[in-house]
Amino acid sequence: MNRPEQTRLLKEAHRHMPQGVAENYRYWGEDRTLFIKSAKGCELTDCDGKTYVDFRLGYGPIILGYRDDRVDQAVIRQITDIGTLSGFSTPLDIKVVQQVKALCPNIQKMRFANSGTEAVMGAVRTARGFTKRKHIAIVEGSFHGLYDEMMWKSDLESWDPHGSIQPSIIPFGAGIPDKTRDLVTLIRLNDFEVLDNLFRMKGDDLAAVLLEPIIGNAGSISATQEWLQHLRDVCSRNGAMLIIDEVKTGFRVAAGGAQHLYGIHADLTTYAKAMGNGYPVAAFGGRADVMDSVGSFKGGVVHGGTYTANLVALSAAAATLDILAHTDALKTIDATGEKISAILGRVFTAAGIEHCFAGPPAMIGIHFSKTVPQNYRDWRVTDSELYERFAWKLIEYGLMLEPDSREPWFICEAHASMDFGWLEDVATRALKEAKG
Ligand SMILES: Cc1ncc(COP(=O)(O)O)c(C=O)c1O
């Protein structure tokens, strides 16, 4: 590929940042690491002038479109008229919580954070503070941010899916102390027996089960209604908190998030991403009695931070939530996602590729397998290598996505006006080349 400016930038960046990037996941190799010049609607333009229709959307926060004027103007007004932060409360704090409560009946009280990671840390600490227990269970294939305790995973890369040995549990990388694993257990989505065993073995010290019911980090593989209801019931019976991590699903798969789709409420919920259409805002909240364990009184759960509820974040959230509550943006996104799935389904069928879709239309998981994976281990037996080759070809043709089938296709409102004929054409060509 002809990319002289990006090659020059990466060479220069190597002198200043590890791997030449600002965070690990942006390094796509010496020939593929992107430097973006601008973004608008559903499109990105790289520093060599190539434009992409983007389904990656910055790992999911863009729900309306890049540089949405309605949100950007609200932020500009806020920072020019009032300021960015003062370290004190503002009326906007209350307004945004009220907006969230109007969309999410699972929220009675809430606190803000700056990232999904911070929101999860706040929710987990609150669950432990409220229950006075220590243990946390998480689900294989999920991702809950970059803090040590949540950075343990099942090693599917070196696991034989046809053998009888369980995958080993490994840290995401170096620098994660073994001790941080002691209080975390990994369970399997949709497995009743594993869940019941968890409560049998750890029930007395289980502070919370934390999960994404629609796994935004494992191709939108989803909990069944029955399993999630069972989880809700056993948590309630055993006094453990159910924490639903809606960092990816919140204000995206429905205005009320995954909990609206299932009709099941968590005790605590985390939000980020779509809440601010790309501005860094996050939150955790839930039952008032549980959230009231947070506070500066003796024995209270500690929560705070210099940038918490800063006015850039809150004005973006206020504008985004107002649009999601009062326009057809999410309906448009669902209709667009359905159209895209139908087009891709036609392309896969014409090429004779076994395929299935997982998750809701706003966050489409695509798996090259006959049946929809029911958990992360099932994903391992999908043809993810073909998917990866297909994805790289799409990127060459100007369709941006994560070249890993564990990352869903994110749809934003601006995709409604994309060229769907072009999509069918490039998908057909990319798949033909990927098959070889
Ligand atoms: C479900 C989920 N929780 C938490 C996080 C962490 O969020 P952040 O990257 O904003 O720290 C992510 C990030 O992708 C996520 O997908």
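1. Buried stands for under 20% relative accessible area, exposed for over 50%, and partly exposed for what lies in between (1.4 Å probe, protein chains only). On that scale Cys47 is partly exposed at 21%, whereas Cys356 is buried at 7%.

2. The model is predicted, so local features need pLDDT of at least 70 and side-chain atom pairs count only at pLDDT 80 or more, while totals for chains, interfaces and linings use all residues. Residues are numbered from 1 along each chain as its sequence is written, and side-chain values use heavy atoms, with hydrogens and water left out.

3. Disulfides. A disulfide is taken as a pair of cysteine sulfur atoms within 2.5 Å, and the count by this rule is zero. For Cys47, the closest cysteine sulfur belongs to Cys42 and is 19 Å away, which is too far for a bond.

4. Strands β1 and β2. Helices (H or I, at least four residues) and strands (E, at least two) are DSSP runs numbered from the N terminus, and two strands pair if DSSP finds at least two bridges between them. Strand β1 (residues 36-40) pairs with strand β2 (residues 43-46) in the antiparallel sense, over four bridges. Ile36 has Asp46 in β2 as its bridge partner, and Ser38 stands opposite Thr45 in β2. The hairpin of β1 and β2 has two residues between the strands, and Gly41 there takes a positive phi near 60°.

5. Strands β2 and β3. β2 is also joined to strand β3 (residues 51-54), antiparallel, by three bridges. Glu43 has Val53 in β3 as its bridge partner. This second hairpin has four residues between its strands, and Gly49 in the turn has a positive phi of about 90°.

6. Salt bridges. The criterion is a side-chain nitrogen of Lys or Arg within 4 Å of a carboxyl oxygen of Asp or Glu; the structure holds 22 of them. One of these joins Arg70 and Asp68, with the closest N and O atoms 2.7 Å apart. Arg70 is partly exposed at 39% relative accessibility, but Asp68 is buried at 10%.

7. A link across the sequence. Asp292 and Lys109 form a salt bridge, their closest N and O atoms being 3.0 Å apart. Asp292 sits in the loop between α8 (288-291) and α9 (311-326) and Lys109 in strand β4 (residues 109-113), so the pair ties together parts that are 183 residues apart in sequence. Asp292 is partly exposed at 40%, and Lys109 is partly exposed at 38%.

8. Other charged groups. Lys179 and Asp182 meet in a salt bridge at 3.7 Å, N to O; Lys179 is exposed at 67% and Asp182 partly exposed at 48%. A network of salt bridges links Arg232, Asp267, Arg287 and Asp289.
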